[in-house]
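Subject: Structure handover

Hi,

Here is the structure I promised to pass on. My notes on it follow below.

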Amino acid sequence: MKLWGGRFTKPTNQLVEEYTASIPFDQRLVEEDIRGSLAHVRMLGASGILTASEVDTITKGLEQIQKRVLAKEVEFSIAHEDIHMNIEKLLIDEVGPVGGKLHTGRSRNDQVALDMHLFVRRSTVELIQGLTELRRALVAKAEAHVDTILPGYTHLQRAQPVRFGHHLLAYVEMFGRDVERLQDSYKRVDTMPLGAGAIAGSTFPIQRELVADELGFSRLYENSMDAVSDRDYLVEFLSCASLIMVHLSRLSEELILWSSEEFGYVELDDAFCTGSSMMPQKKNPDVPELIRGKVGRVIGHGVSLLTTLKALPLTYNKDMQEDKEGIFDTVDTLAGALALTAPMVEGLKVKEERMRENAEGGFTNATDLAEYLVTKGVPFREAHAVVGKLVLHCLEANQSLLDLTLAEYQAAHPAIEEDIFHRLSLEVVTDARSAGCGTARERVVEVIQKKKEEIDEAFAWIGYAQT
Ligand code: ARG
């Protein structure tokens, strides 16, 4: 007999049972479900809806089930559809008919919303933790490479020299915005839906604040219909997650490129690479490749949920059961990617000489020569043309700008003096960019300090966030 079997005259078709059950995946919410039920039953007692002894029996029953779940002694059944009814059935088996009082004043509609809020709230904090640890690893690497200079690229063509620390700090900014976005969406995740009932609220004198307090929620839903049909916080979560994956993928792509022999800028730690079954020489960057490859599924989960929600009338519709697998997979995919990227960055061997060699080639200081002329009163457009010609000359002679003689410079433009050789050295070129958010050493060092403070603040936030 189903828990809802009263008005039915036939057993459920076997295929229907299999098709509609969510227990194969929503058993992942078992902890949240029991935690929510414990808070609910205590509230029912405090509100005089159940007696103290009923509360005691149900509480002990739930705690017993919790223990059995932890010990993996519980078998869930698709006959009971989802985690909520499986737990209720186990409770009734455990403590007898009084277990049937647990669901007083509650529906699975507000119950599943509560479970998902609890799950996503904890996951949000865990992701912020993972992101912050990754930021810490990137900042440490940046600090070790303030004085490593490589070509910066636009269009994947050598553009201007940058400090490697500066390059890594760009990712620290990206992941910092990800932290901010998650912290902002956390406010909406941290909202308590229980008490909405199936749709319209409760006829019992429930005290939702007690449940919210016990579970550490800072706000309550103010409209019961919204409470049971809101999945916005899941869309926000998936959207934040998609962007984090995109950021991880961009970093992965650079690690893959840089570790190719063609670039030769970094070497990934052996422990983070794999070999080829056929080619003995191969060391493949499988981890960043897989992270890059897994972006699609996370973006897909976001698109999928939005599509599911698009034309749903208020309030709960069974379609919403489709929200779960994508969320679980997203949490797992991201947690895995973050957990791997931080140590991969830490273990990165940086080939400073190769970076410098490439920064010295490729005329990455050509802009600086043009700007040098501008400081001598030459209009920028004219300076641009003069340097363009010099670059062409050097290309033909297989030289860099620093190989030219003073006489060659002065033939190109009489305003060029002896100090040009100092001015075009990589250190001076990068340090000249001290205005605004540039790659000058002093700026990079300053930003590293600032990021360390942000990271400390994020860890403090994690310390007081509710999970
Ligand atoms: N298994 C359902 C879900 O995941 C729980 C809510 C079911 N509510 C209902 N009235 N069928 O969405």
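The domain bounds used here come from an automatic or database domain assignment. Please keep in mind that this is a predicted model.

**Domains**

The protein chain is split into domain 1 (5-104), domain 2 (109-204 + 216-356 + 448-466) and domain 3 (366-424). Taken over C-alpha atoms, the centres of domain 1 and domain 3 lie 78 Å apart.

There is also a record to set beside this. An unreviewed UniProt entry annotates residues 363-427 as "domain: Argininosuccinate lyase C-terminal". Helix makes up 63% of the chain over residues 363-427, and strand makes up 0%. The end C-alpha atoms of that stretch are 14 Å apart.

**Aromatic pairs**

How many aromatic pairs does the structure hold? There are eight. One of them is F119 with F328, an edge-to-face pair. Their ring centres are 5.0 Å apart, with 75° between the planes. This pair links distant parts of the chain. F119 belongs to helix α6 (residues 108-144) and F328 to helix α13 (residues 323-346), 209 residues apart.

The cut-off for buried is under 20% relative accessible area.

Next, F164 and W258. Their ring centres are 5.5 Å apart and their planes meet at 70°, so this pair is edge-to-face. F164 sits in helix α7 (residues 164-189) and W258 in helix α10 (residues 232-258), so the pair ties together parts that are 94 residues apart in sequence. F164 is buried, at 0% relative accessibility. W258 is buried as well, at 3%.

One aromatic cluster is formed by Y153, F263 and Y265.

**Surface**

Which residues make the nonpolar surface patch of about 270 Å²? They are I199, M225 and L314. M225 is part of helix α9 (residues 224-229). The relative accessible area of M225 is 33%, so M225 counts as partly exposed. Residues in a patch need over 30%, and M225 has 33%.

**In short**

Three domains are assigned: domain 1, domain 2 and domain 3. F119 and F328 pair edge-to-face, and so do F164 and W258.

Best wishes

Definitions and conventions. Residues are numbered from 1 along each chain as its sequence is written. This is a predicted model: local features need pLDDT of at least 70, side-chain atom pairs count only at pLDDT 80 or more; totals for chains, interfaces and linings use all residues. Side-chain values use heavy atoms; hydrogens and water are left out. Patches are made of residues with over 30% relative accessible area and no salt bridge: like charges are joined within 9 Å, nonpolar side chains (Val, Leu, Ile, Met, Phe, Trp, Tyr) within 5 Å. Accessible areas come from the Shrake-Rupley method with a 1.4 Å probe; for residues, only the protein chains shown count as cover. A salt bridge is a side-chain nitrogen of Lys or Arg within 4 Å of a carboxyl oxygen of Asp or Glu. Helices (H or I, at least four residues) and strands (E, at least two) are DSSP runs, numbered from the N terminus. Buried means under 20% relative accessible area, exposed over 50%, partly exposed in between (1.4 Å probe, protein chains only). UniProt positions are given in the numbering used here, feature names are shortened, and annotations may be inferred rather than shown by experiment. Rings of Phe, Tyr and Trp (its six-membered ring) pair if their centres lie within 6.5 Å; planes under 30 degrees apart count as stacked, over 60 as edge-to-face and the rest as tilted.
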